[in-house]
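Please have the sequence and the structure open while I talk.

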Amino acid sequence: MTTTLETPTVVDPEHSAAREPRPGMRSRWRIAFRLARRQLQRTALTSTLIGVLIMLPIAALTAYAVVGASTISTPQERVTAELGEMDAWIAVGGLPGNGFWQSPTDPTWTGYPADASGSPEGTPVADPTALLSPGARTIRVVESDVRVETPGGVTALPAWSGEVWDPAFDGRYEVQEGRAPANSREVMISPAGLNRLDVAIGDEVVLSDTDTAYTVVGTLTDASLPGNVAALFLPADADIAGDVRWYVSGGTLNWADVQQLNEQGVVAFSRDVILDPPSAGDPLRGFFQRGLSEIWTVIMVVVAAGLFAAYVVVMLAGAAFAVAARRQQRSLAIAASVGATGADLRRIVLLQGTALGVAGGLAGAGLGIGAAALITTLFSDGSSTRFWGFHVPWLILAGILLFSVLVGTASAAIPARTVARTDTLSALRGARRPQHPRASRPIWGSILLLVGVALTIGCAFAVLAVNVADFPAESPLRVLPPFGIVFGPILVQLGILLSGRWLLWITSKALSRLGIAARIASRDAAANSSRTVPAFAAIAATVFIAVFAIGQTSMQNASTARDWFYQAPVGSLAVSVYQAGSSALDDTDAAEGAEAGVALADAIGASDTAVIAQQPEFRSYPSSGEVPEDATKVIAVLPERHLLDPDVNPSFTGQDPSNPVAVVDADDVPTALGVTLTPAQRDAYREGAVLVTDPRYVTDGTVELGAWTGRDAYDGTMPDNIWRPWNDGPERTEPLWEKRIDAISLDVPHQPVAVAIAPEAAAALGIRSRPSLVIASFDAPLSLAARDGAQQQAESLSNEDWAVAPYFESGPPDDAFWMIPILTAVAVLVLGASGVALSLARFERRPDDATLSAVGGTKALRRRIGFWQGLIITGFGTLAGAVAGVLPPIGFAIQSQDRLSVADIPWPVLGLLAVALPLAIATVSWVVPPRTAELTRRTAIA
C-alpha cells in the first residue's frame, strides 16, 4: 500500500473567498467577538493592565460628577430646606408702584424696570401679611446676630426670633431634645451651642447687649446650618433687629400671586413656583433655572478632564494594545489563512478595545460611585445644604460610560490597522521585519513644530504691536492672541508626536556610540515605536500642563509679591479701627477701639502689641468750610520725580500715600515694623529722627515734612504724593511750614507705615494723631481655631460707633503651597506612565533577553539596557513636555508688557522636572532586576 504525502498549502484568502461563499455579516461579528474574547483571556495580564488604565480616570470622573451633582439641590430638596412644610415666605424687598420685579426661582434676584429714571420713591409696605388671602397663617421670623456671654467673655452667635419650633417647620427647623419654649424667657439652642456656651438644658444664657437672661429648654437644628455652628432660637417678642420674613402656612402662592406681591414691593419664595416654575418670559426678571449653571459647570469640568484623560489613556493603552497585537499576529494570521479579511482582523482587535472599554467603564463607575459615597459621608458638615442628597447623575454617567467605550476602542484603533496590514506568510513563519521611519511623518511633524512656535511668539508680540482694547467687545481679535499663545504649544506637542519615530531613530544612531546597552535600548525603542511613542507622548502631555501651570503661576505670584502691601509684619495680627456708624470717629472712639484691639490680641495669646496712631482724615466733613480752622495735616512730601504723570497713568492703585506719617512709640517699633533698632538708631529716633520704610521719601539722608491746613487737605490743594499737578487740577497752596528731618532708612518695604515718628517729636511739630491700628506678634503660629476666635471676638467687641477688624498677615502667596501638589501629581502620573511603558518593554523583550543570555549577555548588561530604556522613554516625554509647556508663560510674559517676567519662572525646578525625574526613573529601572531569561522561548527569525 502506497501512501502519498501531500505538501500542505496555505490558502490564499482572496482566492478562497472567491470560490467559497462568505459567511454573513452577523456571523462575522459573532466569530470576531468570540476570537476577541479568547484573545483577552489568553493575554489576561495585558488586558487587566489596559482595563485598569481605563478604569482609573473613569472612576475619578464618576466620583466628581456624583459629588458635584450632590451639591446641587432638586426643587423639592430646596423647598424643604427653605420652608419645611410651610407653603411660602414673603419679605419686603422694594417699593410699591415702581414696577418692582423678582426672579421666580430666586427672590434675591430683583430689580426695577430698565427704563426707570432716577431712584424709586415711596414707602415700603409695613405689613405684607395684609396682602395675603384670608385664612393664611403666618409666623414672623427675624434673622440676626446677637452677643452672648460665655465663660471666656462675649461672643457673637447667629440667632432667629419667632416660633421656628412650630411643627409646620419640620424639615427646616427640627426639635432634637427638650421642649419648645412656653414663655418669653425661654430659648432653644443648637446642639453645638451647648458646648460653645458651656451650658445644658435648664441653664441660662445672657444676651450682653440687653442684659436679658433666657432659660435653655431644648435643642433645635436648622437645615441650613452646619452641625458645629452654635445658634440661638429666641421667642417671637425678643427685641432683635435683622432680616424679617413671614412664613405662610395654609395659603398657597402661584406665580400670578407672586407678581401681585411684587407690585407692592414684596418678594416671595413659593413652594408652588419653585416646584413648577413659569416659562422664561420677560428678560428683565432674570429668569433662570436654579442649578442649571451648576450642572453645566460639572459637565464642563468632566469634559475638560475627560479630554486630557482620554489623550493619556489612549496613548498608554494604545502602547499596551500594540504589544498585545504583536503577540496575536500568528493567531490572527491563521485566521487570515482560512478566509478572514483585513476588516475581520481589524474587527477582532477593535472588539477587544471595546470590551475592555465596557469592562473598565463599568468597574470605574462602580468604584467612582463608592468613592463619592465615602466623600460625601466624610466631608458632610451636618447641614442639608452642603450635600443636598446623594445624587447620581445617570445621564452624565451614561456619557462617561460611552466615553470609556470610545477610549477603549480608540486605543485599539492603530494596532488594529497595523494588524490588518500584516503580511500573513511572514507572520505564520514568525518573521519580524525591521521598521523604517517614513519621510512624511518628520515633514508634517516639523511643520507643526515650526507653526506652533511661530504662533505662540507671534501672538505674544501681536499684543504689543496692536492695542486689543481698540477692537469691539464682540470682536474675535480680542481672544485670538491668548488663544494662540496656548494653542501653539499644543501644535508643538503634536509635531513631536508625529516625528516621534524619526526622532527615536536619530537618537538611536547617536546613542549607539555610548555602548552596547545604549545601542540595544535605543534601537529597541525605535523599532517598537508603536509602543514607545505613545508612552512618551502621554508623559509629555502631563509635563506640559505642569510646566505651564508652574511657570505661569510663579510669574503671577512674583508680580503679586512685588506689589504686595503688608498690613503688618509677616506672622503678625493687624487690628484696624474704623467708623461703624454714620458719625465720624473722634479721639475717644479711636482710643476705645484701640483698647478693644489690644484686648482682642491678648485674648488669643499675643506676646507683644503695638499701637500705631495717624492723623485724622477730613473727608467726613460736609464741606471744607466746616473743617476747623486750626486743623492741620503734616505729610512727608514725596519728591516729584516719584509722582505719577496724570497724562500717562489713567489711574492709581495701591496703598494711599496721602497720609504717610504715623506716630509710633520707640518701644513699639519692633512689634509694629518687625525690625530691631540699634541703640544708636533708637536714640536718634527718640531725639526727633524719623524711621522710613519707603526709600523714595529720602533725599540726602533727610525727609521733607510739610504742614497744610485741614481745609487744604479737604479741597485737594495740598500735595497728595500720587499725582504731579495737572493743568485742570486745583492750584497747590503753599505749606504752613516745611522742615528737613534726619531719616533712618529701614529695609522693610510695603509696610503700612511709610514714615514713623516718635510721640515726643510729633508733639513738638504739632502733629495731632489718634490710634488707628494695633499690631500684635506671637511666639508661635496661630491655629485656625484661634483665628476664627479672633473674628468672633472682633464682632462682640465692636459697637454701633466703631468697629475693629482683625487681619492675619501671611505675606504674598508661597509658591511651595501649590507647587508641591503639582509636582507630586506629575511625578505620580509620570511614574505610572513610565512604569507601564517599561513593563511593556520588558515583557516584549523576553525573546531578545533569551537571545542575549544565549550568546553570553550578563544580567548587568540587561540592567543597563533597562536603565537606557527608562531614560529614553521618560526623557523624551519630559523634555518634549517642558519645551512645549514653557512657551505659553514666555508668550504671556511678552504680552504683559513687563508686568510678568520670564526671570520669575522657577527654571531650576523645571530643570529638575525635565532632567532629574527621568534619571530617577531610569535608576529605578536599573535597580529592579530583570527576570531570568527563558532560553526556550526564543523563536527563530526566518
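Let me begin with a question: in which loop is Asp 801 found? Asp 801 is in the loop that runs between helix H24 (784-797) and strand E23 (802-808), where helices (H or I, at least four residues) and strands (E, at least two) are DSSP runs, numbered from the N terminus.

Before going further, a word on the conventions. This is a predicted model, in which local features need pLDDT of at least 70 and side-chain atom pairs count only at pLDDT 80 or more, while totals for chains, interfaces and linings use all residues. Residues are numbered from 1 along each chain as its sequence is written, and side-chain values use heavy atoms, with hydrogens and water left out.

Asp 801 is partly exposed, at a relative accessible area of 36%; here buried means under 20% relative accessible area, exposed means over 50%, and partly exposed is in between (1.4 Å probe, protein chains only). On the surface, Asp 801 belongs to a patch of negative charge together with Asp 586, Glu 592, Glu 595 and Glu 800. Such patches are made of residues with over 30% relative accessible area and no salt bridge, like charges being joined within 9 Å and nonpolar side chains (Val, Leu, Ile, Met, Phe, Trp, Tyr) within 5 Å.

Turning to the strands, E14 (residues 608-614) pairs with E22 (residues 770-777) in the antiparallel sense over seven bridges, and within this pairing Ala 610 has Ile 775 as its bridge partner. Strand E14 is also joined, again antiparallel, to E16 (residues 661-663) by two bridges, with Ala 613 standing opposite Val 663. Two strands are said to pair if DSSP finds at least two bridges between them.

Next, the backbone. Most residues other than glycine have a negative phi. Asp 700, which is not a glycine, has a positive phi of about 55°, and it lies in the loop between strand E18 (698-699) and strand E19 (702-709). Asn 721 likewise has a positive phi, near 60°, and is placed in the loop between helix H22 (710-715) and strand E20 (737-745). Are these two residues buried or exposed? Asp 700 counts as exposed, at 77% relative accessibility, whereas Asn 721, at 5%, counts as buried.

Finally, the ion pairs. The structure holds 14 salt bridges, a salt bridge being a side-chain nitrogen of Lys or Arg within 4 Å of a carboxyl oxygen of Asp or Glu. One of them joins the side chains of Arg 562 and Asp 904, at 2.8 Å from N to O. This pair links distant parts of the chain, 342 residues apart, with Arg 562 in helix H18 (residues 529-562) and Asp 904 in the loop between helix H27 (859-895) and helix H28 (907-927). Both are partly exposed, Arg 562 at 39% and Asp 904 at 22%.

Asp 587 forms another salt bridge, with Arg 768, the closest N and O atoms being 3.3 Å apart. Here too distant parts of the chain are linked, since Asp 587 is in helix H19 (residues 587-603) and Arg 768 in the loop between helix H23 (759-765) and E22, 181 residues apart. Asp 587, Arg 768 and Arg 770 are linked in a network of salt bridges.

Terms used. Accessible areas come from the Shrake-Rupley method with a 1.4 Å probe; for residues, only the protein chains shown count as cover. Lys and Arg count as positive and Asp and Glu as negative; His and the chain ends are not counted. The place of a charge is taken as NZ of Lys, CZ of Arg, CG of Asp or CD of Glu.
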